[in-house]
Amino acid sequence: MSSDYQPLLGTELDESDIDEVLTERGVGVLSMAADGVPYGVPLSFGYDGDDTLYFVFLGATTELRKETYAEQADIASFTTFDVGPDGSWRSVIVAGPLDRIEIKEWDTARESLADNAYQSNLLSEYELQENPNVWALETEERSGRAVGQR
């Protein structure tokens, strides 16, 4: 690839920069596929600071589309990014299995969501349930890129 494109491609983020983006950003796009049909949905997320992202599936439709895709996806991908006023940007992509949490994981998920989910104050109304509609993505792969000064 020509070096003319390098300014557009940016540079790879190291592990600590990836953690920083995942900690600072509270929203992104969760992408899943079922029967070869892709589905991407913007969602708020919590990050445990290690290797797990948490998502609350609120406002379920009668088709339960998010749940259906999440249950059928072998691997999910999640992308988060930010763009500065000067045109600089950072993005992170993580991928791994997506599973509904068990009730014993609720406290860890709630804490992670409260720490960095977008408008996490709205989650305070989401009380502990017998079967919370919270999903965990265990990151098996992660990468990030940045362009410009941060």
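# Reading a fold, one feature at a time

Q: How do I read a salt bridge, and what is the N to O distance between Arg 90 and Asp 82?

A: Arg 90 and Asp 82 form a salt bridge in which the closest N and O atoms are 3.0 Å apart. The general idea is a side-chain nitrogen of Lys or Arg lying within 4 Å of a carboxyl oxygen of Asp or Glu. Before we go on, remember that you're looking at a predicted model: local features need pLDDT of at least 70, side-chain atom pairs count only at pLDDT 80 or more, and totals for chains, interfaces and linings use all residues. Residues are numbered from 1 along each chain as its sequence is written, and side-chain values use heavy atoms, with hydrogens and water left out.

Q: Is Arg 90 buried or exposed?

A: Look at the relative accessible area, computed with a 1.4 Å probe and protein chains only: under 20% is buried, over 50% is exposed, and anything in between is partly exposed. Arg 90 comes out at 6%, so it is buried.

Q: What is the N to O distance in the salt bridge of Glu 102 and Lys 104?

A: Their side chains meet at 3.6 Å. Glu 102 has 46% relative accessibility, so it counts as partly exposed, while Lys 104 has 68% and counts as exposed. Elsewhere, salt bridges with shared partners join Glu 20, Glu 24, Asp 82 and Arg 90 into one network.

Q: Which residues of helix α4 are buried?

A: In α4 (residues 106-116), they are Trp 106, Ala 109, Ser 112, Leu 113 and Asn 116. In α4 the arc is 135°, so the buried residues line one face of the helix. Turned away from that side are the exposed residues Asp 107, Glu 111 and Asp 115. The buried ones pack against α2, β4 (46-47), β5 and β9, where contact means heavy atoms within 4.5 Å.

Q: Which residues are buried in helix α3?

A: In α3 (residues 65-72) you'll find Lys 66, Glu 67, Tyr 69 and Ala 70 buried. Their arc around the axis is only 165°, which puts them on the same side of α3. Their cover includes β2 (27-34), β3 (37-44), β8 (98-100) and β9 (134-138).

Q: Which residues touch the most other members of the largest nonpolar core?

A: A nonpolar core is a set of buried Ala, Val, Leu, Ile, Met, Phe, Trp, Tyr and Cys residues joined through side-chain atoms within 4.5 Å. The largest here has 26 residues, and Leu 30, Met 32, Leu 53, Phe 55, Leu 98 and Leu 137 touch the most other members. Apart from it lies another core of 9 residues, including Tyr 54, Val 56, Ile 101 and Ala 136.

Q: What is the strand order in the open sheet of 4 strands?

A: Two strands pair if DSSP finds at least two bridges between them. The order is β4-β5-β9-β8, with antiparallel pairing. β4 and β8 each have a single partner strand and stand at the edges, so one side of each is left without a neighbour in the sheet. Between β8 and β9 there are 3 bridges, and Arg 100 stands opposite Trp 135 in β9.

Q: How many bridges join β7 and β10?

A: They pair in the antiparallel sense over 7 bridges. In β10, Val 147 stands opposite Trp 89. Strand β1 (residues 11-12) also runs antiparallel to β10, joined by 2 bridges, and Glu 12 has Arg 145 as its bridge partner there.

Note on methods
The arc is that of the directions from the helix axis to the C-beta atoms.
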